[in-house]
Amino acid sequence: MMLDLVPLLFFLPLLSFPVVLFFGRWLPLKGAGLTIAVMAGCFAWSLALLAAALLGAVELPYSFSISWFSFDIYDVALGVYLDGLTVTMLCVVTLVSLLVQIYSLGYMQGDSRFSRYYSYMTLFTASMLGLVLADNMLVLFACWELVGLCSYLLIGFWFEKPEAAQASRKAFITTKLGDLGFAIGLYVIFTHTGTFSIPSLQEMARAGFFAPGVALWSSLLLFCGAMGKSAQVPLFVWLPDAMEGPTPVSALIHAATMVAAGVFMVAKLFFLFEINPTALIVVGFIGAATAFLAALMGLVPEDIKRVLAYSTVSQLGYMMAGLAVGGPQVGSFHLVTHAMFKALLFLGAGSVIHAMHTNDIWKMGALSVRMPITFVTFAIGVLALSGIFPLSGFYSKDEILHAALNSGNWPVTILLFSTSALTAFYMTRVLVLVFLGSARDRERYGHSHESPASMTAPLVILAALSVVMGFLMHGEHVWGKLVPHKLEHEHGHVPAILVALLSSVVALSGMAAAFGVYFYRWIDAAKVKERFDVIWLFLYDRMGFDRFWLAWVKLSYKLADALAWLDYHALDQGLVDGQGSLTRQLSRASEWIDRYIIDNLVDLWGWISLWAGSRVRVTVSGFVQSYLLYVILGISLIFAARMYF
Amino acid sequence: MDLVKLLGAEVILGAAGLILLTIDFCWPRRRALMTGVSYMAAIAALAVLVGALSHEAAASAFLSTDALTFGFSLLVILGTMITLALSQEDPTIDRHWGSYLALLLFASAGGLLLLKARDFVYVFLSLELISIASFILVAFDRKELWMIEGALKYFLVGAFSSAIGLYGISLIYAATGQTSFDALGLMGLSSARASSIGWIGLGGLLMVLVSFCFKASIAPFHFWVPDAYQAAPTPFTAYLSVVPKVVALGIFSVLLSFSASNMGPSIQAASLAPIIAVLACLTMTIGNLSAIHQTDLKRFLAYSSIAQAGYMLIGVLSASRLGGSSILVYGFGYLLMNFGAFAVVQWVARARGSYEISSMSGLAQTHFPMALAMACFLLSLAGIPPFIGFLGKYYVFASVIESQWAWWVAVVAVLNSVISVYYYLRIVYYMFFSDPFGRTVSKEVSMALLSSTVFLLLAGTVAFGVYPRPLLRLLIE
Amino acid sequence: MSFETLVTSSLPILSLITFLPLIGALVILIVDQTKVKTIQKIGLAFSGSALLVSAIALIYFDPSRQFQFVEDYAWIPALSVRYLMGADGLSMPFVVLTTLLTFVSLIASLSIENRVKEYWFWFLLLETGMLGVFESLDFFLFYVFWEITLVPMYFLIGVWGGPKKEYAATKFFLYTLFGSVFMLLSIIGLYFASTPHTLNMLELTAQRNELLKMGMTFQVLVFLGFYLAFAIKVPLFPFHTWLPLAHVEAPTAVSVILAGVLLKMGGYGLMRVNLPMFPEATKLFIFPLVVISFINIVYGALCALAQKDMKRMVAYSSVNHMGYVGLGLASLTATGFNGAVFQMVNHGIITGSLFLLVGVIYDRAHTRDIDAFGGLGAKTPMFAGIMTLACMASLGLPGLAGFVSEFLCFLGAFGPWKIWTGLSVAGILVTAGFFLRMIQKVFLGPLNEKWAGLTDMNAREYAAVLPLAALTVILGVYPRWGLDLMNDTLTALAAFVKSGV
């Protein structure tokens with residue numbers, strides 16, 4: 001019963017979308033009431049499912065499907081596939097969505113398109129839940145694209161801002177680029193297997209149906225999609241810009257849920273990735289590189305949301321690397337904990353922005369006094385993200401680092417450890433500059449105030465979860481039971497306690513350094529910036545990735561213009577109309593011959609006669625004489641032709 | 001008795017012509033009477049023709065009828081009747097009404113006779129009958145100098161071509177001692193081999209071909225057409241563009257198929273066919289290309305009719321049963337649509353006083369039915385379904401594709417029909433896309449007969465296009 | 001007699017659908033031209049009843065069976081021409097698409113005030129022609145209907161079109177005629193090649209092995225004759241240049257029909273004639289077709305990206321979308337065929353609504369320049385919403401009609417043509433690029449004060465667009481309704497084609 005109605009988790013938010021969109025203004029809280037109620041219900045349900053799964057009350061994995069459409073001899077199903085990871089994701093998505101929607105009541109208050117905001121939110125949640133639930137690659141892909149649409153709509157929610165409009169398009173196109181790979185991956189899989197069903201594919205993989213080559217191609221192509229959606233290098237460029245959207249949107253979509261979809265997908269299809277070790281190596285390197293490069297880029301922005309965006313990119317890379325070195329159990333645990341504290345951080349940042357009306361951390365400072373709740377919760381978020389014991393981030397990061405060490409993949413391991421230090425550094429930088437020290441912009445500081453309860457309550461809840469979640473869920477009995485799949489490395493036996501100590505030391509030293517620079521000012525940050533401005537600019541410039549893609553865009557525009565020119569001038573005007581005008585010229589010539597040669601052949605006749613020494617008067621009958629000459633010519637021609645045959 | 005049966009229609013038309021001449025001489029003002037006599041004659045001729053259908057095919061040594069002859073004869077008489085109707089509405093034919101009608105009937109009688117001729121002497125006789133009547137009729141309206149010029153050109157060229165034809169016949173006779181198709185067919189006339197009829201005979205045959213080409217306005221013997229067409233009274237231009245042309249092509253095809261039936265398949269390999277194929281392509285192309293730039297409606301239709309003759313000539317070249325029927329079907333469609341187009345042109349010229357293409361401007365807004373009718377005629381001439389012109393083209397293309405070797409002629413033909421659409425659409429453009437012309441028809445001018453003729457022809461063009469079965473049964477089966 | 005037998009066997013249901021509009025056109029012809037309302041009512045009534053009858057036919061249509069509602073009468077026995085009509089899973093979707101789009105276009109045409117009588121006359125005549133093409137199974141009949149569509153289209157563009165209407169109309173007519181005359185020669189060639197001589201498309205298809213005996217040259221020539229006619233209609237590169245011009249100059253409703261139905265006649269023809277009838281030539285030309293489809297997709301999309309005029313952009317997007325169809329055809333698999341036909345139907349619906357929407361804004365602003373607008377999203381939210389929906393559907397967003405069909409086209413083609421399909425996928429990205437650019441420039445950003453007085457859509461425009469928008473969503477969410485209709489036929493067709501190649 002509980003399981004049979006799981007599709008409702010998808011359909012309820014989906015159906016509330018048109019209701020709120022079209023009739024929102026007549027509903028309680030302009031429609032927000034409905035979507036929040038639906039989301040609360042969904043969350044409760046998901047939580048119950050999770051509890052049931054942990055207690056063994058329901059048997060997982062569970063799958064159920066109906067036929068969606070069929071073509072040829074194939075049938076595409078519409079169904080749900082529930083395993084531990086899915087159930088957990090359901091909880092995460094519904095919880096964050098619920099909290100963000102509650103938070104938005106305060107944040108979006110008074111916006112002229114309030115109902116539309118909530119309808120988009122609920123559409124997004126529906127699509128995300130669909131993505132999580134799907135038992136079928138095609139449905140997963142469909143929902144994957146739909147969350148992309150919602151992201152587009154919500155980034156560009158304040159579309160009067162040209163930057164927002166631009167950013168929304170950039171996000172859509174960039175992720176679409178990755179999705180092309182995803183689509184081709186689907187073609188490869190279907191051409192090879194004739195099915196999209198994930199359980200069936202799992203069976204086939206288990207039975208050794210996939211040749212290593214096919215597995216490599218299909219998994220890498222699918223990974224392209226994940227690279228776009230989960231903002232991996234080099235496709236991450238859209239995510240920092242996506243911060244133009246409302247901050248709660250960033251928290252929900254661009255921190256906790258949608259961007260994690262790529263990680264989720266890789267975890268769910270891990271059976272495909274692990275067939276060929278090369279695939280995992282690629283994933284690991286891209287993940288680790290993303291983690292490290294984004295962490296570097298996170299060092300420089302003044303915009304608080306940009307820092308968080310880079311941090312998200314970096315953490316997504318972490319998760320990917322975690323998947324590659326440790327398997328789904330390792331990678332996806334960080335996904336869950338990260339969802340909590342990154343949503344928390346974004347909402348906290350939103351609270352700050354709401355109070356200060358600016359994103360610039362250099363115009364903030366000393367807010368811990370004015371906004372104590374926001375400060376405490378934000379600090380918890382920073383600590384969790386930095387991986388400080390015993391907060392949730394510690395547990396999940398520790399797992400990844402442990403697996404990396406065990407795998408013996410040194411480049412990845414080193415990158416991940418460095419990232420850990422960098423993360424602690426830039427997060428502490430934000431914390432110090434925003435909440436501690438002195439207020440740098442007195443006027444803004446004067447107007448600042450703690451946010452309303454609808455905004456702080458979600459902060460508190462998320463902070464609490466960020467504290468306890470790692471402790472509660474880690475280990476074989478809880479997380480290990482939900483997501484049992486973990487890569488075992490034969491040669492690696494690094495003791496767990498050593499890893500824990502090492503990572504703690506790294507994180508703490510990162511924090512300490514940030515305190516040293518920004519709080520105690522042992523080193524003048526401005527001077528460092530001046531001294532190394534080449535590097536600073538390079539980082540600020542996103543290491544040229546933006547310009548790289550922009551060059552492609554410009555190239556395509558140039559190509560488009562050239563082709564359009566060619567199409568019009570060469571193909572259409574030149575070839576097609578050229579034929580037409582050629583015919584017209586011919587007709588002019590033909591008419592000219594008719595009119596002047598044939599009609600005026602008399603002149604020629606006269607000329608010949610002159611030449612012969614006799615004059616012929618040009619008369620009306622002369623015309624006819626010329627005809628007769630012409631006739632004789634015609635007859636002779638035909639004679640000649642006849643002789644020739 | 002056989003001869004009467006054979007020549008009934010011709011005799012009726014000829015006699016009526018004589019009566020008309022007499023009436024015109026004695027009572028030149030009895031216009032209605034003369035009109036009545038001419039209609040009666042045409043109807044009587046039609047009756048005799050249809051009556052003859054039930055009898056067995058009659059034949060003498062020189063004259064013969066068969067199924068195709070019947071179809072072509074029907075076409076001649078219908079063409080005459082339509083011309084009569086159009087002529088009644090043409091105020092330029094004000095003098096010598098009886099003579100006009102008589103000459104028209106003589107020309108038609110000549111046409112009917114030509115179709116039955118199975119001997120070169122008869123061919124020449126009947127051709128002359130048509131020609132002499134036509135010479136006078138083209139010159140009937142002599143108001144302007146250029147009209148006289150056109151008529152004179154037509155006369156001189158026509159006489160010249162007759163002379164060539166006659167000379168050719170005499171050469172054939174000199175070479176073979178025969179003038180009847182039957183005998184010549186046995187000798188392999190149309191295979192046109194010097195071995196069978198000698199160089200002299202071959203030369204004669206080619207001269208006859210040239211003479212036919214003149215009558216049927218086949219390029220490069222078409223140059224008299226625009227001037228003559230422009231000069232003649234419009235109803236007779238319409239007649240001239242249809243009846244003599246179709247008849248000449250018809251007898252030509254009879255001549256070829258006659259010998260084909262005796263010679264078997266050799267006709268395709270070594271006959272006149274390649275020359276005819278080239279002539280057909282040339283005619284279509286020159287006609288179409290020259291039509292594009294015309295600004296005078298009658299000259300425009302003149303070139304269009306040259307191109308149409310080219311299409312019909314394709315039917316001649318395959319020299320098969322299908323080829324013969326294709327000329328007939330095409331000719332019948334051509335009768336309806338070309339008379340229709342001329343009728344509308346006549347209507348517009350009377351209503352707006354000009355034969356310039358621009359006088360068609362905005363016709364759709366002032367007289368939508370008339371514009372629609374004209375559009376249908378033009379599209380039919382261009383060979384767009386579902387009009388009868390398409391059926392004719394289909395037949396012609398089918399006949400040439402059936403012959404296989406000449407499929408490239410079909411390619412040239414379809415390319416030409418694309419070109420032709422361009423200039424036919426130019427008229428449509430004036431009628432539908434331009435704003436109305438300044439002058440419009442004055443209310444008191446009633447052209448009921450003309451309008452009803454137009455719509456009768458339109459009905460035929462559409463109805464036989466959509467459901468050609470009765471027509472085909474009548475003409476071919 | 002039950003209603004079902006009445007529909008399936010007693011009534012000439014296809015003729016009824018086809019000729020109801022023609023009767024309407026003739027009735028309009030005798031109405032006084034000043035009675036605009038009467039003319040419009042008659043037109044809507046007849047077109048509406050054609051829609052209704054086609055809907056009834058759809059209900060009683062059994063997808064698992066071969067040709068249904070067959071009508072077979074001797075027409076011109078001398079030429080073995082028969083009046084042979086029938087519908088199968090390949091033609092039925094197009095029949096319904098035609099009646100639907102025509103009805104919708106006629107609603108949109110209520111705004112036409114100039115020479116109303118003529119307009120409605122030609123439009124209804126056009127409907128008859130288009131329906132006939134999809135229903136006739138005799139080549140002669142097919143050709144007649146095929147050409148009949150040209151004439152009304154010529155007038156509709158030439159009289160009610162934009163500034164260069166005469167040029168566009170003439171070019172459209174000549175260009176498409178250029179293709180179809182070669183088709184005529186091919187038809188005649190087939191007729192003489194068959195024993196006994198026949199014009200019956202089904203018999204000719206069944207005789208394809210006998211046709212092979214005519215030799216390879218014959219195969220190739222006849223194939224090319226048909227291909228030229230169909231490729232120009234589709235349009236496949238390089239025969240597409242008539243399309244942007246015709247679309248831009250045509251009035252809104254005519255653009256809808258042009259893109260929605262007329263282009264489909266080409267794709268339909270390729271599937272009905274070229275692929276099943278000429279296996280040897282197909283084998284030879286299938287690779288070029290793949291490359292051409294690739295060019296259509298990428299080149300069309302890039303050309304669309306460069307356009308400043310919205311209508312031109314949508315027109316080029318049609319070139320791009322028809323490339324997907326070509327790819328689906330070239331796959332020679334049931335999957336690809338399903339995708340191609342479904343894509344054609346969906347493209348009709350989606351691009352139809354896009355043209356209607358461009359018409360909406362053009363009627364108000366009298367410009368279609370993408371750069372002339374800005375920020376309309378706040379001013380005309382409903383218009384912006386529906387336009388976005390249509391654009392999203394066109395770029396293949398899941399949940400909307402274009403997605404499944406586009407996906408099936410690629411999926412089908414990927415099996416045999418991995419590299420080319422992989423390259424073609426790039427077209428999707430460019431498609432997204434130009435649609436989003438258009439949305440951004442027109443609807444997003446700060447409001448261009450010049451358009452502060454712009455009003456949102458009115459009732460007539462809703463009546464025309466909303467049914468299409470609804471179908472876009474319905475067919476996207478539940479593609480089964482579309483696919484089940486055609487799948488059986490197309491699977492059999494693919495097997496038949498495949499067995500020859």
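Both Arg542(A) and Asp546(A) are buried, a class that covers residues under 20% relative accessible area, with exposed meaning over 50% and partly exposed lying in between (1.4 Å probe, protein chains only). Arg542(A) and Asp546(A) also form a salt bridge whose closest N and O atoms are 2.9 Å apart; the term denotes a side-chain nitrogen of Lys or Arg within 4 Å of a carboxyl oxygen of Asp or Glu. The model is predicted: local features need pLDDT of at least 70, side-chain atom pairs count only at pLDDT 80 or more, and totals for chains, interfaces and linings use all residues. Side-chain values use heavy atoms, without hydrogens and water, residues are numbered from 1 along each chain as its sequence is written, and chains are lettered from A and ligands numbered from 1 in the order in which they are written.

**Salt bridges**
- The whole structure contains 29 salt bridges over all chains.
- Arg542(A) and Asp546(A) belong to a network of salt bridges that also links Lys161(A), Lys170(A), Asp241(A), Glu244(A) and Arg306(A).
- In chain C, Arg82(C) and Asp72(C) form a salt bridge with closest N and O atoms 2.7 Å apart.
- This pair joins strand β2 (residues 81-87) of chain C, which holds Arg82(C), to strand β1 (residues 68-76) of chain C, which holds Asp72(C); strands (E, at least two residues) and helices (H or I, at least four) are DSSP runs numbered from the N terminus.
- Arg82(C) is partly exposed at a relative accessible area of 33%, and Asp72(C) is partly exposed at 38%.

**Contact between chains A and C**
- Chain A contributes 50 residues and chain C 59 residues to the contact, defined by heavy atoms within 4.5 Å.
- About 4,700 Å² is buried between chain A and chain C, 70% of it on carbon and sulfur atoms; buried area is the accessible area (1.4 Å probe) that two parts lose on being put together, summed over both.
- Trp68(A), Asp72(A) and Tyr187(A) supply 14% of the area that chain A buries against chain C, more than any other three residues.
- Three salt bridges are counted between chain A and chain C.
- Lys171(C) and Asp572(A) meet through their side chains in a salt bridge (2.3 Å, N to O).

- Glu10(B) is located in helix α1 (residues 2-26) of chain B and is buried, at a relative accessible area of 8%.
- Chain B has an average pLDDT of 83, and 88% of its residues score at least 70; pLDDT is the predictor's confidence in each residue, from 0 to 100.
- Over residues 260-270 of chain B, pLDDT stays under 50.
- Where pLDDT is low, the predicted coordinates should not be read in detail.
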